[in-house]
Amino acid sequence: MSREELEALQLERLQWTVRHAYENVQMYKEKFDEAGVTPDDLQTLADIAKFPFTTKDDLRRNYPFKTFAVPMDQVRRIHASSGTTGRPTVVGYTDHDLDKWAQGFARVLRLAGARKGDLVHNAYGYGLFTGGIGAHDGIERAGLTVIPMSGGQTDRQIQMIHDFKPRIITVTPSYLLTILDKMRQEGLDARDTSLEIAILGAEPWTEEMRREIEEGFDLKAVDIYGLSELMGPGVSGESVEFQDGSTIWEDLFLPEIVDKDDLTKVLPDGEEGELVFTSLTKEAMPIIRYRTKDLSVLLPGDARPNMRRMRKVRSRTDDMIILRGVNMFPSQIEELALGQAALSAHYNLELTRPKRMDELTVVIERRPEFTMEEAEACGRALQHDIKIRIGSSVRIHVVDPNTLARSEGKAKRVLDFRDRPIAEYPQR
Ligand code: DLL
């Protein structure tokens, strides 16, 4: 499909979506009325900017099913986001939605280099989280063989990788690192496994982490992006040949980048801002201008020239740590830490407020092949780098291998103790 044909299809689907949302979901009717827009105001793709945003709070306020646009007997499945703060957000799918989702994930596999006869070890968590079952359906749709492992039971994961010899693994980057570590502890060489491709997502990960994983397993690692509110994994995926940002399935989703400080400004391709998506085919739960809070940039297509890519998401607007006035993201610290030979990719960022000022301590494991003395020297170099490159004074606390909690899904990097009594602070 040429770009012109694609845009014509997008417009047709967008007009349908906006009307479907307005006529069948009270929340959208109220939001559009308040903003003074109607579905008739959508004549071109750019007209989407006239419509109001949708946020996670909007979805929470309509918990659990008030955002659904079809009768319940047409909703075939429900998923929900983890909801670490407050109520989870709920999503529903019709048969047609599930079909499109499986297609989206199957295309991700294709771009990642999957081929006929491949076995795919799926270690995304099964259940309400969209990762496991979403990937599962896509793997089957692509005509490949799925090994439905889910997350956790690391010993068993290692055994199955050894015995079943999958060529592809789908998993979060932090959990793959946990698996790598465990293999090393058991004296296994991860470079000897059958794995050739890892499809990693559900959390931010840096290029340094990509190198660590690729070298550790001797494979190619590609990014996959998605979120429950849109459907789950498979909104976009990276090509194994280019490894340079994920192709967005623009026939299913309309992306926009807006200025993170002035949401009324839609930014041109190439400029960084908050990713906003509108669904184009979703029946059960159409979503209009959903604010992802993920920071990215829209780029021209590569492996699929007619579809734009998004730069790898390094951070979310709400991940930002403001330390005594200096803004920083966990991924910036990860990037600098992995530049130090004796420091590992296992780290936490602890925020405390011992007196009146906030303090940040980077708690990081040394690599087992280095001594504590060597690792502490790297810790001092890291402290210096953070001061020079980010502009903040932080403390570094190097710990022995295997002392920090391991991720079995999405890693939790920032531990915020600032509102807790000092007695509850970690003893460092
Ligand atoms: O994490 C869906 C998913 C599952 C994507 C498996 C990829 C693989 P949620 O739990 O709703 O859905 O979380 C969505 O996770 O807004 C991003 O902040 C973050 N995220 C997802 N993929 C990536 C990625 C799934 N590749 C939220 N890079 C999103 C960075 C990502 N962040």
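## Alanine 142

Alanine 142 sits in the loop that links α5 (130-141) to β4 (145-148). Helices (H or I, at least four residues) and strands (E, at least two) are DSSP runs, numbered from the N terminus.

Setting aside neighbours within four places in sequence, alanine 142 is in contact with Ala106 and Leu109, where contact means heavy atoms within 4.5 Å. Arginine 291 lies 149 residues from alanine 142 in sequence and 30 Å from it in space, C-alpha to C-alpha.

## About the model

This is a predicted model, in which local features need pLDDT of at least 70 and side-chain atom pairs count only at pLDDT 80 or more, while totals for chains, interfaces and linings use all residues. Residues are numbered from 1 along each chain as its sequence is written, and side-chain values use heavy atoms, leaving out hydrogens and water.

## The whole chain

The chain contains 10 helices and 20 strands, and its C-alpha atoms fill a box of roughly 70 × 55 × 40 Å along the principal axes. For 428 residues, a compact globule would have a radius of gyration near 22 Å, and the chain agrees with its 22 Å. That radius is taken over C-alpha atoms, and the globule rule is 2.2 Å times the number of residues to the power 0.38.

Of the 428 residues, 54% are buried. Among contacts with a separation of 6 or more, 66% come from residues 24 or more positions apart.

## Helix α7

Helix α7 covers residues 173-185; at 1.5 Å a residue its 13 residues should span 18 Å, which agrees with the 19 Å between its end C-alpha atoms. The expected span is 1.5 Å times one less than the number of residues. After α7 comes glycine 187, with a positive phi near 75°.

Because 10 of its 13 residues are buried, α7 is largely enclosed by the rest of the structure. The buried residues include Pro173, Tyr175, Leu176 and Met183. Among the elements covering them are α6 (154-164), β5 (168-171) and β17 (343-352).

## The annotated C-terminal region

An unreviewed UniProt entry lists residues 325-418 as "domain: AMP-dependent ligase C-terminal". UniProt positions follow the numbering used here, feature names are shortened, and annotations may be inferred rather than shown by experiment. Over residues 325-418, the chain is 29% helix and 31% strand, with end C-alpha atoms 16 Å apart.

Conventions. Buried means under 20% relative accessible area, exposed over 50%, partly exposed in between (1.4 Å probe, protein chains only).
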